[in-house]
Amino acid sequence: MALVFKQTKQLEAKIDNYLDMVVNGGLHFKQGIGYYLNGQMEDLERCMRDLDSLESDADRMRRDIEALLYLKTLIPESRGDVLGLLEASDRVLNTTAETLAQFSVELPMIIPEVKDSYMALTDASVAALEAMVSAVRAYFRDISRVRDHIAKVHFYEHEADQIADRLKREVFRSDARLSEKLHMRYFALHIEKISDEAEDVSDRLSIATIKRHE
Amino acid sequence: MIWFFLTSGLFLGWSLGANDAANVFGTAVGTRMVKFKTAALVTCLFVALGAVISGAGATHTLGKLGAVNALAGSFTVALAAGVTVAWMTRIGLPVSTSQAIVGAIVGWNLFTSSPTEMTTLTTIVATWILCPVLAAVLAFLMLKFTRLFLYRMRVHLLRQDAYNRFGLIVVGAFGAYSLGANNIANVMGVFVQASPFQDITPFTGLTFSGTQVLFLLGAVAIGVGVVTYSKKVMLTVGGDILQLTPVAALIVVLSHSIVLFLFASKGLETWLAGHGLPTIPLVPVSSSQAAIGAVIGIGLARGGKGLNFRVLGRIASGWVTTPLAAGALAFVTSLFVQNVFEMEVVRPATSAVRWNVEAPSAVDQGLPAIVWAPNLVSQVQEAVVQPAMSTESRGIE
């Protein structure tokens, strides 16, 4: 039985570390977008490499957690929900890494008038990601707080939608070439996607929480 | 020959193990919180302890219902109950061994024209209602309390899972002990009066009575039933009636175990009597009914949603048919054993006669004073007592 409790503690630590990685991924993403908008390309490249490595580590950690949950037949009743949550969180982290890599590869032309909007959109999307991670942590430790964090995810996702909408309107009313406008819209969509995916995780979480209440 | 007669009791023990172990660990195994092997091992060990240490109380009550006093009679009664339980188990229904044995004893009473002690029968039947109700109430209250506790204590999901597994094994052990203490009466109760075993002393200071050895044998049979056939019923209890969370599974086992313990504990009875409180009858209650009652309590605490009333209906119908089927089978089997095999299923003219020391006037007048000894007597035919006899009890057969 002591072995079971030891394994449980190890697994708790792994899940916490994994969620830390997701939060750090969001912070790296925010930092990277800031560097790009300020034209600090070397810093962007470094940030992108860090994020890539973080994403690979998180993938390994997630697989470890999944294997342990299955091999030790832990939380049989909530296992499906937990695995779903971890995989959905991983998709959010993947999106941050892919989007930052696309900035590095495609070097979109961002007109000065919308730079602040891009940063605000990034802030809102990363805030949604952070609230999502807090909600997932609460699901494990303090189920009464899940609802509060989910409300924050919805709030930031809505804010990201509004900012993206404003940004796209501004872009298409500017004097830039159509190809540049489409490119800027494409990147706005990608940044916005992070908050959408965070919201998907929170939707899964709502259902999982109801099941735990039974 | 004695060993042959005991086989029906052992068969009944096997049936009880196959069926009633599901009530102790069914929810735990059904929710995959405890491995079947662990469940089987703990059940075997603690059923044996419960049977040997605390099995006497409920057995005494069953003995009062009908004094099956011939070995062939005991064989017939246990066989009828065992076949009924095995058949119900085979079709996957959690059936009550208590109801089967009570039905079989009453069937034997009817065949042999032995009187059925109505007070005892009423008490037993009343527990058939009280037992699931009590389990449901306990489960309902415990689930509400546990939810509040977990909500406030903020235990990590994984740690809660580990505590729950540990709890399921500990409470399961308690449940198995209570099952052994309460239900060994069903398996071996009818053989107590015809027990072939003597007291044994394996170590100095530790003596097992013949009855305890008999109970141990019954517990071994229960263990064989657990290992060989209980998995199917465990999965029925665990998942068919209501999808249970692991916490709810723990509460079901705990409620079931408490109820069984209440109806088997001589210590509790003595304590209640000592404090002038009403005592709980020591009756072999239905472990299946306790488990199903607890599952219903959980369902009600969740607002009544998710209860599978079709499966509940099938189980309830089993509760009605079990005693009737066992009674009819005992009657027919007794007829068969007596008339085809020409074996004595009842000792016809047994009486116990003693001087009525509390009414010396009767002795003084040279009149016979006849006192019923319920564990020995089915009917008194005639007893003539000489005034010169000792005032000690003396059985005349």
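How many helices and strands are there in chain B? Chain B has 13 helices and four strands, where helices (H or I, at least four residues) and strands (E, at least two) are DSSP runs numbered from the N terminus. What you're looking at is a predicted model, in which local features need pLDDT of at least 70, side-chain atom pairs count only at pLDDT 80 or more, and totals for chains, interfaces and linings use all residues. As for labels, residues are numbered from 1 along each chain as its sequence is written, while chains are lettered from A and ligands numbered from 1 in the order in which they are written.

- The model scores ipTM 0.84 and pTM 0.74.
- Chain B has a mean pLDDT of 77, with 82% of its residues at 70 or more; pLDDT is the predictor's confidence in each residue, from 0 to 100.
- Within chain B, helix α2 (residues 36-54) has the highest confidence, at 91, and strand β4 (residues 394-396) has the lowest, at a mean of 32.
- Over residues 349-397 of chain B, pLDDT stays under 50, and the model has 63 contacts beyond four places in sequence for this stretch. Two residues are in contact if their C-beta atoms, placed from the backbone, lie within 7 Å.
- Where pLDDT is low, the predicted coordinates should not be read in detail.

**Chain B as a whole**

- Of the 397 residues in chain B, 54% are buried. A residue is buried if 20 or more other C-beta atoms lie within 10 Å of its own, exposed if 12 or fewer, and partly exposed in between, with C-beta atoms placed from the backbone.
- Take the contacts in chain B between residues at least 6 apart in sequence: 85% of them join residues at least 24 apart.

**Where the chains meet**

- Chain A puts 17 residues into the contact and chain B puts in 16 residues.
- On the side of chain A that touches chain B, the elements giving two or more residues are α1 (2-37) and α4 (115-141) of chain A.
- α1(A) gives the most to that side, with five residues.
- By class, the chain A side has eight nonpolar, four polar and five charged residues. Ala, Val, Leu, Ile, Met, Phe, Trp, Tyr, Cys and Pro count as nonpolar, Asp, Glu, Lys and Arg as charged, and the others, Gly among them, as polar.

**Two helix pairs**

- Two packed helices are described by the angle between their axes and the distance between the axes.
- In chain B, the axes of helix α6 (residues 118-153) and helix α11 (residues 287-301) come within 7 Å and cross at roughly 40 degrees. Axes are lines fitted to C-alpha atoms, for helices over the stretch in contact, and angles run from 0 to 180 degrees between N-to-C directions.
- α6(B) and α11(B) are therefore oblique to each other; angles under 35 degrees count as roughly parallel, over 145 as roughly antiparallel, 65 to 115 as roughly perpendicular and the rest as oblique.
- The crossing of α6(B) and α11(B) is right-handed. A crossing is left-handed if the near helix is turned anticlockwise from the far one by less than a right angle, and right-handed if clockwise.
- Residues making this contact include B:W128, B:F140 and B:L143 of α6(B), along with B:I292, B:I296 and B:L300 of α11(B).
- The contact of α6(B) with α11(B) has 18 nonpolar, three polar and one charged residues.
- In chain A, helix α2 (residues 41-71) and helix α3 (residues 79-106) have axes that come within 10 Å and cross at roughly 165 degrees, which makes α2(A) roughly antiparallel to α3(A).
- α2(A) passes α3(A) in a left-handed crossing, and their contact has 14 nonpolar, three polar and eight charged residues.

**Residues to look up**

- A:L107 sits in the loop between α3 and α4 of chain A. A:L107 has a positive phi of about 45 degrees although it is not a glycine, and A:L107 counts as exposed because it has 12 C-beta neighbours inside 10 Å.
- B:S113, in the loop between α5 (97-112) and α6 of chain B, is not a glycine either but has a positive phi of about 55 degrees. B:S113 has 9 other C-beta atoms within 10 Å, so B:S113 is exposed.
- A:V146 belongs to helix α5 (residues 146-172) of chain A and counts as buried, with 24 C-beta neighbours inside 10 Å. Leaving aside residues up to four places away in sequence, A:V146 touches A:A135, A:A138, A:Y139, A:L205 and A:T209.
- B:A328 is in helix α12 (residues 309-339) of chain B and counts as partly exposed, with 16 C-beta neighbours inside 10 Å.
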